[in-house]
Amino acid sequence: MKFMSPFRAAKAIVERCSTDMPTKLRRRYDPWYLTFEKQRGSRVWHQGKEYVMLSSNDYLGLSFHPKVIEAGQRALAEWGSSTTGARLANGSRRYHTELEEAIAAFLGKEACHVTAAGYLSCASSVAAFTQRGDIILVDKNVHSSIWDGIRLSGATVERFSHNSPDNLRTVLGHLDPKAPKIIVIEGVYSMEGHIAPLKPFAEIAAEHGCTLVVDDAHGFGVLGQGGRGTASHFGVDGGVDVIAGSLSKSLSSTGGFVAASRDMIEYLRTHSKQTIFSAALSPAQAACARAALEVIQTEPQHLERLWANTRRYRELLLSLGLDIWESETPAIPIVLGNKERAYFFWKHLLDQGVFSVMSIAPAVPVGKDLVRTAMSARHDDADFEIIEKALRYAVKKL
Ligand SMILES: Cc1ncc(COP(=O)(O)O)c(C=O)c1O
């Protein structure tokens, strides 16, 4: 039965939702949120047609690894589907603490805390540790989860130029030396594929008494010794106070983590709203991440293959004259410069059987509208053949 209200006032927010132009455009051209009816390894199917997946973050290709799947199934049978509540409310489970100990040991940190999303972990890696009166120095290109953490903290924000330790020094020179400070950067920038120069950042942090937080969602499993991440890549593990990350990339699960000293993690458990008021990581997701971490440490071939594929793919893109924004990692953007070019490039790839993702301003800086692609250890010769043909077609049509 239709709800009949005695009141007549227009509902401004409901109205805004039904007239919003970006939503109308998104629904008309439908470049995101495609529903795939099937997935097998690096292939997905949409309305019966098969595509090579070129935009997922399954860097090591472990989401279909038999040990990962088996661990998830076992955990479901043993622990059920969910804890149906926050750990503060109804307790942690052994699979939480085991995963936390394993991640902390892998990263050489004393302790770790896992949450149900990388977004929550990355937001809390800033919000939990800072408060009004503190100063957060942040690379202007960090992920949305970090910006949300900054907003929630109530601290003062100072941005510095992307990947520029020199600019950070200049900004620091104007600040009250006595105010508690935190520097927040990414290890690998998800859209650009840039690696942060962690050595000078760690030196500046030490020199100025700043706590250094690194969101290593895209460096974990990809860079460093055995995939230990960006700090390991530069040999500055001890210089990074907090490493935040996601379980949804190289660990082929969902969820997130913050790793730091025991004191910092216990402080986070006391103060992080993202932990206190959000349900715990589910048993199957924790078990999948735990198994993937084991695979990373026992089967180095996945990491080797990821980098062999990345080199091959990079060379292909450069040989086609494409602008890859100087990406150095498996996250490789193809910069097209405006949204029309990005849309048509994306669409040509799709028509040729390759699924990628378009990212346009304001999600990227003006003039950097792009198609984001990412390599996986799972891409094989057959995938490459399709990818190369599709790229050649899209370039010709530009
Ligand atoms: C740099 C960065 N941080 C945090 C996140 C959030 O992780 P999740 O997708 O697991 O919530 C992402 C995911 O896109 C990311 O790219």
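**Reading the model, starting from a strand**

Tutor: Let's begin with a pair of strands: S8 (residues 211-215) and S9 run parallel and pair over 3 bridges. Strands here are DSSP runs of E with at least two residues, helices are runs of H or I with at least four, and both are numbered from the N terminus. Two strands pair if DSSP finds at least two bridges between them. Within this pair, Val213 has Val242 in S9 as its bridge partner.

Student: Before we go on, what sort of model is this, and how do I count residues?

Tutor: This is a predicted model: local features need pLDDT of at least 70, side-chain atom pairs count only at pLDDT 80 or more, and totals for chains, interfaces and linings use all residues. Numbering starts from 1 along each chain as its sequence is written.

Student: In which sense do S9 and S10 pair?

Tutor: S9 pairs with strand S10 (residues 256-260) in the antiparallel sense, over 4 bridges. There, Ile243 has Ala259 in S10 as its bridge partner.

Student: Why is S9 said to be largely enclosed by the rest of the structure?

Tutor: Start with the idea of burial: a residue is buried if 20 or more other C-beta atoms lie within 10 Å of its own, exposed if 12 or fewer, and partly exposed in between, with C-beta atoms placed from the backbone. S9 (residues 242-246) is largely enclosed because 5 of its 5 residues are buried. Val242, Ala244 and Ser246 point one way, while Ile243 and Gly245 point the other way.

Student: Which residues come nearest to the ligand?

Tutor: A residue counts as near a molecule if its C-beta atom, placed from the backbone, lies within 6 Å of it. Of the 14 residues around the ligand, the nearest are Gly118, Tyr119, Ser190, Ala217 and Ser246. Helix H6 (residues 118-127) gives the most to this shell, with 3 residues. And H6 is mostly covered, since 10 of its 10 residues are buried.

Student: How do I read a nonpolar core?

Tutor: In soluble globular proteins, nonpolar side chains tend to be buried together. A core here is a set of buried Ala, Val, Leu, Ile, Met, Phe, Trp, Tyr and Cys residues joined through C-beta atoms within 7 Å. The largest one has 114 residues, and Val126, Ile183 and Val184 touch the most other members. Helix H13 (residues 283-298) gives the most to this core, with 9 residues.

Student: What does Ile183 touch, leaving aside its neighbours within four places in sequence?

Tutor: Contact means that two C-beta atoms, placed from the backbone, lie within 7 Å. With those neighbours left aside, Ile183 is in contact with Leu137, Phe201, Ala205, Cys210, Leu212 and Val213.

Student: Where is the cis peptide bond?

Tutor: It joins Ala361 and Pro362, with omega about 10 degrees. Pro362 sits in the loop between strand S13 (357-359) and strand S14 (370-374).
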